[in-house]
Amino acid sequence: MRQWIIGIFAAALLSAAALAVTPKNKKAVAMAGGLIMILAAVKPLAELKHQDMAVQIAKYQIKADELRSGVDVASSEIMALIIQEKTAAYILDKAAELGLEAVEVEVDTKKASNGWPYPESVRITGRLSESDIQRLGRIISEDLAIAPDRQEWS
């Protein structure tokens, strides 16, 4: 995060300096500076991995539970169970919003290199059409950072 902010600041500084020393055609320099700013802001997003996003989501879920309950969750096994439960509940809620019934969800977690568990894969069972699988699969991929190749449907 720190490097991202420094990159944006450096791009802004470079753009401002170029604009200040340009006697003519300031619009072109301003446009180029704007493009540099956009690239500086977007580049880290393109480099994110599903696992990194899943770990961050899991951390936020644990911290929210700790703040809400006042209990510090220290055991990674307990954290993994909480993440499995919360992830499955989220998927079931989204399935219900889509009008899907009789859906069962199993979530597998894995420990990241920093020791935090994250939802690695899901198994979803139910009577689902191909379009149901696509809609729910997209939600799982986008909201929970569980890649389509780690979603098992039956």
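Predicted model: local features only at pLDDT ≥ 70, side-chain atom pairs only at ≥ 80, totals over all residues.

Student: What do the side chains of Arg 135 and Asp 132 meet in?

Tutor: Side chains of opposite charge can pair when their charged atoms come close. In this case Asp 132 and Arg 135 form a salt bridge, with 2.9 Å from N to O.

Student: Is Asp 132 buried or exposed?

Tutor: Asp 132 has 13% relative accessibility and therefore counts as buried, because the cut-off for buried is under 20%. Arg 135 has 34% and counts as partly exposed.

Student: Which other residues of α5 are buried?

Tutor: Besides Asp 132, the buried residues of α5 are Ile 133, Leu 136, Gly 137, Ile 139, Ile 140, Ser 141 and Leu 144. As for its dimensions, α5 has 15 residues and spans 20 Å from its first C-alpha to its last. That is close to the 21 Å expected at 1.5 Å a residue.

Student: What follows α5?

Tutor: Ala 145 comes next, and its phi is positive, near 60°. Ala 145 is a residue other than glycine. Its place is in the loop between α5 (130–144) and β3 (151–153).

Student: Where is Ala 102, which has a positive phi although it is not a glycine?

Tutor: Ala 102 is in the loop between α4 (76–97) and β1 (104–111). Its phi is about 55°.

Student: Which of these alanines counts as buried, and which as exposed?

Tutor: Ala 145 counts as buried, at 0% relative accessibility. Ala 102 counts as exposed, at 69%, because the cut-off for exposed is over 50%.

Student: How many salt bridges are there?

Tutor: The count comes to five salt bridges. One of them joins Arg 123 and Glu 106, whose closest N and O atoms are 3.0 Å apart.

Student: Which residue meets Arg 123 in a salt bridge of 2.5 Å, N to O?

Tutor: That residue is Asp 108. Asp 108 is in strand β1 and Arg 123 in strand β2, 15 residues apart, so this pair too links distant parts of the chain.

Student: Now for the nonpolar residues. How many residues does the largest nonpolar core have?

Tutor: To read a core, look for buried nonpolar residues joined through their side chains. The largest nonpolar core here has 15 residues. Those with the most contacts inside it are Ile 91, Val 103, Val 105, Val 122, Ile 124 and Ile 140. The elements that give two or more residues to this core are α4, β1, β2 (117–125) and α5. The largest share, four residues, comes from α5.

Student: Which residues is Ile 91 in contact with, leaving aside its neighbours within four places in sequence?

Tutor: Ile 91 is in contact with Val 105, Val 122, Ile 124, Leu 136, Ile 140 and Leu 144. Apart from this core lies another, of ten residues, among them Val 55, Ala 58, Met 79 and Tyr 118.

Student: How do the elements run from the N terminus on?

Tutor: They run α-α-α-α-β-β-α-β. The protein chain has five helices and three strands.

Student: And what do the totals for the chain say?

Tutor: Buried residues make up 31% of the 154 residues in the protein chain. Its accessible surface comes to about 10,200 Å², and 61% of that belongs to carbon and sulfur atoms. Of the contacts between residues at least 6 apart in sequence, 57% join residues at least 24 apart.

Note on methods:
Residues numbered from 1 in each chain as written. Heavy atoms only, no water. Buried < 20%, exposed > 50% of the residue type's maximum accessible area, 1.4 Å probe, protein only. Expected span 1.5 Å × (residues − 1). Core = buried A, V, L, I, M, F, W, Y, C linked by side-chain atoms within 4.5 Å. Contact = heavy atoms within 4.5 Å. Areas by Shrake-Rupley, 256 points an atom, 1.4 Å probe, with all protein chains shown as cover. Salt bridge = Lys/Arg side-chain N within 4 Å of Asp/Glu carboxyl O.
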